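Subject: Predicted two-chain model for your review

Dear colleague,

Please find below the structure that I am handing over to you. A description of what was found in it comes after the model.

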Amino acid sequence: MTYIEVDGLTKRFGDTVALDDVSFEVPAGEFVIVLGVSGSGKSTLLRTLSGLLSPTEGEIRIDGEPMIEPRPEVAMIFQQHNIIGDMTAYSNSLSGGVHRSGFLSSVLQLQDEEEKHRALDALDTVGLLDEAEQKARRMSGGQQQRVGIARALVQQPNVLLADEPVASLDPGSAQSVMDYLRTASDDRDLTTFCSLHQVNIARKFGHRFIGLRDGKKVFDGYRDELTIDVIDDLYGDIDTEGMFVRDDGDADAATDEVATS
Amino acid sequence: MTTDTTTSDGTVGSDAVDDEGSDVPNRIAEQFENIRQTRRRRALGWTGLLAFLAFATVQAFAATELLNPDARLETFTDSLTGFFPITRHFGVIPFLDFGQYVAFIRQENLLYDPEIGGLLFQFPPNLADIYAFFFLELGIFQIFGEAGITLAMGFVGTVLGFPFALVFGTLGSERVTPFPFNFIFRGTMSFIRAIPAIIWTLIFIPFLGLGPASAAIAIAFDTIGNLGRLFVDELEEIEDGPIEAMRTTGASKPQIVFFGMLSQVRTAFIAWTLYIFEINVRIGVTVGVIGAGGLGYVLTSQQNLLRFTEMMATLLAIFLLIISVELFSQRLRSRLRSDDVEMGIWELIAGFPRRMADSMLK
């Protein structure tokens, strides 16, 4: 069943074309990784999907409904975490569900117990239950990003968008954040879009891959179709040796090695 | 030039050949000349500006009658001996007679009101009196006598002004209220700021009479203008990230403002409020001068009686009040801003001598 439909999506900022006639369809529950160099339009695609930006031309339909403005069913995780530093991990997690409560009850944290359990459950999913009362500002980058994931989960979304969630993290934290993201997405049966520029991580975690170059979709396929030629095409002349193994049987093992080293 | 090394090398080489005679290559000499000219122009500009400033200053001196002042140095030196009463120890060594200050401060209850303080400090403690102190006499400001009244004016002004400043400051931000409409709130605050607190007191005198009540309300008004303005400025500095994040959660507009914006500036808002409280206590002194009570009023009445020693004693009390408020507020602000583990109250007091010694040795 098609869940997300992107049809002729074009986004221009003045004269700059950030997305150029991008179309694809994604069935419910897929874990999609968006690949491309900086400036290829990954962020713009995700921000348009989230409703933060509106398309110049074309349409995005999620669950059959056009995406015009942000909706609670579509949650987003940001590269810069964008959690609230002055609040605790728990309060941040709880703030994902404010759309279900009124202004005063959300400000004074008077939500019902079910809502509060949901926030703690989300923190548990990302392995931060014991750190619930820590100020977010005092946490490490990886932990902050996991709080971001918890907040997105409390929103009870169907779609999870992650805009380079691990770009500012060290390899170890990146690996664990991606693990949590993947687990959360599988457990809750979420359709997930994640933009990445680390090919090794992408290959380890993705089902399906969409490649962008200069705002155009240049690749759309599943794991076994993601060959070294595709990567070369996406990233140009960079040295991909050691990042990628031609033989599909060894691919996972090889990328694992790179990711953990 | 750096993209193609061969041409770059070639150019450098030919430059060197061109300037075989002098030591300095053309390009460097040219740039040097450019810099010299820019500096010369800048020096000329600064000289012109300074000349204009001097000219304007002379005119301002004339306007303030400082060019031809009606100076009475003798009267001033006379008043100084009033300000600083001198006694002679053993009939010879001159000393500042601090005792006169203390006597006046005690006589007029400038810093401590023994009638109210007596309820609290007695041995053995009397529970009924302690109850009376807190709940009947409402004495926690009044125990400080005249200084307490001034302090209370600043405190009430800050407490009453804060919620309005918060509302006006938030709604005055362009991110919350779209462009032309936010000027309704910014304009109101500008108008309030245009009128000093002392004038606001005059405006409220017909309403509440000449006394601390109108002063407190005037200070509250002043707080809306000044604190609200600081809030607006602070909100200009916030990051877009958390706002976007709250938008994607599907939060309502007021929720986006609270979680995405205000939560980013909470610490800064508290710090600014403490800063305005400091200023408000100072304003409490100035509005006292026109008769609204507290230390300012004592000061002006002694001045009217030309009792300079008593005036100086009052100034001393004012100094003590302001310094204590500043110390308190600055300690609190620096603690709010620091990420360190907070010091307990006890450690704050008991560790003071050691920290003081540490800072003096630095």
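Residues are numbered from 1 along each chain as its sequence is written, and chains are lettered from A and ligands numbered from 1 in the order in which they are written.

Chain A: overall content

Chain A has nine helices and ten strands; helices (H or I, at least four residues) and strands (E, at least two) are DSSP runs, numbered from the N terminus. Of the 261 residues in chain A, 44% are buried. Here a residue is buried if 20 or more other C-beta atoms lie within 10 Å of its own, exposed if 12 or fewer, and partly exposed in between, with C-beta atoms placed from the backbone. Two residues are in contact if their C-beta atoms, placed in that way, lie within 7 Å. Among the contacts in chain A between residues at least 6 apart in sequence, 68% join residues at least 24 apart.

Chain A: the sheet

Six strands of chain A form an open sheet in the order E6-E7-E8-E3-E9-E10, with mixed pairing. Two strands pair if DSSP finds at least two bridges between them. E6 and strand E10 (216-222) of chain A are the edge strands, each pairing on one side only. On average, neighbouring strands of this sheet are turned by 15° against each other, direction ignored.

The pairings can be followed across the sheet. E6(A) and strand E7 (residues 159-163) of chain A run parallel and are joined by four bridges, with Ala162(A) of E7(A) as the bridge partner of Ile77(A). E7(A) in turn pairs with E8(A) in the parallel sense over five bridges, and Leu160(A) stands opposite Thr192(A) in E8(A). Strand E3 (residues 31-35) of chain A and strand E8 (residues 191-196) of chain A also pair in the parallel sense over five bridges. In this pairing Ile33(A) stands opposite Cys194(A), and Val34(A) stands opposite Ser195(A). Four bridges join E3(A) to strand E9 (residues 208-213) of chain A, again running parallel; in E9(A), Phe209(A) is the bridge partner of Ile33(A).

E8(A) is mostly covered, since six of its six residues are buried. In a regular strand the side chains alternate between the two faces of the sheet. In E8(A), Thr191(A), Phe193(A) and Ser195(A) point one way and Thr192(A), Cys194(A) and Leu196(A) the other way.

Helix H5 (residues 141-154) of chain A lies across E6 and E7 of chain A, running at about 175° to E6(A). Helix H8 (residues 228-235) of chain A packs on the sheet and touches E3, E9 and E10 of chain A, its direction making about 160° with that of E10(A). Axes are lines fitted to C-alpha atoms, for helices over the stretch in contact, and angles run from 0 to 180 degrees between N-to-C directions.

Ser38(A) is found in the loop between E3 and helix H1 (42-50) of chain A. Ser38(A) is exposed, because 9 other C-beta atoms lie within 10 Å.

Contact between the chains

The contact takes 23 residues from chain A and 19 residues from chain B. On the side of chain A that touches chain B, strand E6 (74-77) and helix H3 (103-107) of chain A each supply at least two residues. By class, that side has twelve nonpolar, eight polar and three charged residues; Ala, Val, Leu, Ile, Met, Phe, Trp, Tyr, Cys and Pro count as nonpolar, Asp, Glu, Lys and Arg as charged, and the others, Gly among them, as polar.

Chain B: helices

Helix H8 (residues 145-172) of chain B and helix H15 (residues 295-304) of chain B pack at an angle of about 125°, with their axes 7 Å apart. H8(B) and H15(B) are therefore oblique to each other: angles under 35 degrees count as roughly parallel, over 145 as roughly antiparallel, 65 to 115 as roughly perpendicular and the rest as oblique. The contact is made by Glu146(B), Ala147(B) and Thr150(B) of H8(B) and Leu295(B), Gly296(B) and Val298(B) of H15(B).

The buried residues of helix H16(B) include Met311(B), Ala317(B) and Leu321(B).

Kind regards

Methods: This is a predicted model: local features need pLDDT of at least 70, side-chain atom pairs count only at pLDDT 80 or more; totals for chains, interfaces and linings use all residues.
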